[in-house]
Amino acid sequence: MSPSARQGRRDPFGVVVVAAGSGRRLGAEVPKAFVTLAGGPLLEYAVRSALAAGPVAVVVAAPPSHVDEAIEVVEPLSREHGIPVQVVPGGVERGDSVLAGMRWLPAECEVVLVHDAARALAPPVLFRMVAAAVALDRPAVVPSLPVVDTIKRVDGNLVVATLDRESLRIVQTPQGFRRDVLLAAHATHGSLATDDAGLVERLGVPVRVVDGHPAAFKITTPEDLLRAERLVADAARD
Ligand code: C5P
C-alpha cells in the first residue's frame, strides 16, 4: 500500500500486556500484576482498558508460575468484549516477555502496542490515541508528560549536573510501534533498554512523543497503590 493510501487509515492493532515482573518494590507476596486494587488484580484493569480501545487481539505475558491464574482473569473479559485474549509465559527480562507476546499476535496487527500491566489505570483513550498516531512516517510513538521537578545527575552523593527539564519527559505506556520496527529493535538490541522505545531509538528510527495521561502512572510502591485506590474510588463515586 502506498504511503498516501495509508493517510487517514487506521491500521488494525494488537496489544501486548507485559505482566511477568515480580514487583519486589511493592513488597507483595504475589507477582505485581496479581496485587489487588479495589477488589480486582492489576492485570484485570490493564486488560479491560486495552480491550475497551478496540484492538484485534490482546496477549498477556504472565509469570510462568501464574499462567493459569492469568487465564482465569482474562477469559471473562475476552468473552465480554468478543476479542481474543491469549496468555503466554513471560521471560526472564522484560524484552523476552514482549517478544513472547508479539509472536502470538495475528499477522494482521500491523501496529503493536506494548503496555505494562503495572500501569493498570491507563485509560482506553490513551491506547486509541497511541495506536492512531503510529503510521509509516511515525513508526514509534510514546505517551509522555512534562517533568515538573528539577532533575540532577549525581555521582555517589555529589551533584554532577542539573538537567534542563524543558527537554525532559516522563515516558509511559502503552507505547506504539509498527510491528516490523518493534521486531527489528528486539532482534538487534535485546534487553538493552528499560522500555521498547529505547530499543527502537538504538536502531536510529525516530520515536515521537504524544501527550500522556496522569492516570497511566506505574504502580511501583505501596504509595502508588494507595493513589490508584483513591482514583478508583473517585471514579466509582462519579
Ligand atoms: O520492572 P519494571 O517495573 O520495569 O516492569 C515493567 C513491566 O514489565 C511490568 O508490567 C512487569 O510485569 C513487566 N515485566 C515482564 N517480564 C519481565 C520483567 C518485567 O513482563 N521479565
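**View 1. Helix α4 contributes the largest share of the lining of the largest pocket, three residues.** In this predicted model, local features require pLDDT of at least 70 and side-chain atom pairs pLDDT 80 or more, while totals for chains, interfaces and linings use all residues. Residues are numbered from 1 along each chain as its sequence is written, and side-chain values use heavy atoms, without hydrogens and water. Both α4 (94-104) and α7 (196-203) supply at least two lining residues each; helices (H or I, at least four residues) and strands (E, at least two) are DSSP runs numbered from the N terminus.

**View 2. The largest pocket has a volume of about 840 Å³.** A pocket is defined on a 1 Å grid over the protein atoms alone, as an open set of points where a 1.4 Å probe fits, with protein on both sides within 12 Å along at least five of seven lines; lining residues have an atom within 4 Å of a point. The volume is the space filled by probe spheres set on the points, which are joined across faces, edges and corners. Of the 34 lining residues, Gly21, Arg25, Arg94, Asp116 and Lys218 lie nearest the centre of the pocket. The lining comprises eleven nonpolar, 13 polar and ten charged residues, where Ala, Val, Leu, Ile, Met, Phe, Trp, Tyr, Cys and Pro count as nonpolar, Asp, Glu, Lys and Arg as charged, and the others, Gly among them, as polar.

**View 3. The ligand sits in the largest pocket.** The ligand is surrounded by 14 residues, the closest being Val18, Ala20, Gly21, Val92 and Ser97; a residue is near if one of its heavy atoms lies within 4 Å. This shell holds six nonpolar, three polar and five charged residues.

**View 4. A polar side-chain atom of Ser97 lies 2.7 Å from a nitrogen atom of the ligand.** Taken alone, the ligand exposes 460 Å², of which the protein buries 82%; accessible areas come from the Shrake-Rupley method with a 1.4 Å probe.

**View 5. The peptide bond from Thr173 to Pro174 is cis, with omega near 10°.** Pro174 belongs to the loop between β10 (169-171) and β11 (175-178).

**View 6. Ala38 adopts a positive phi of about 45° although it is not a glycine.** Ala38 is located in the loop between β2 (36-37) and β3 (40-41).

Notes: A polar contact is a pair of N or O atoms within 3.5 Å; within protein, one must be able to donate a hydrogen and the other to accept it, and residues adjacent in sequence count only if both atoms are side-chain atoms. A molecule sits in a cavity or pocket if more than half of its atoms lie within 2 Å of its grid points.
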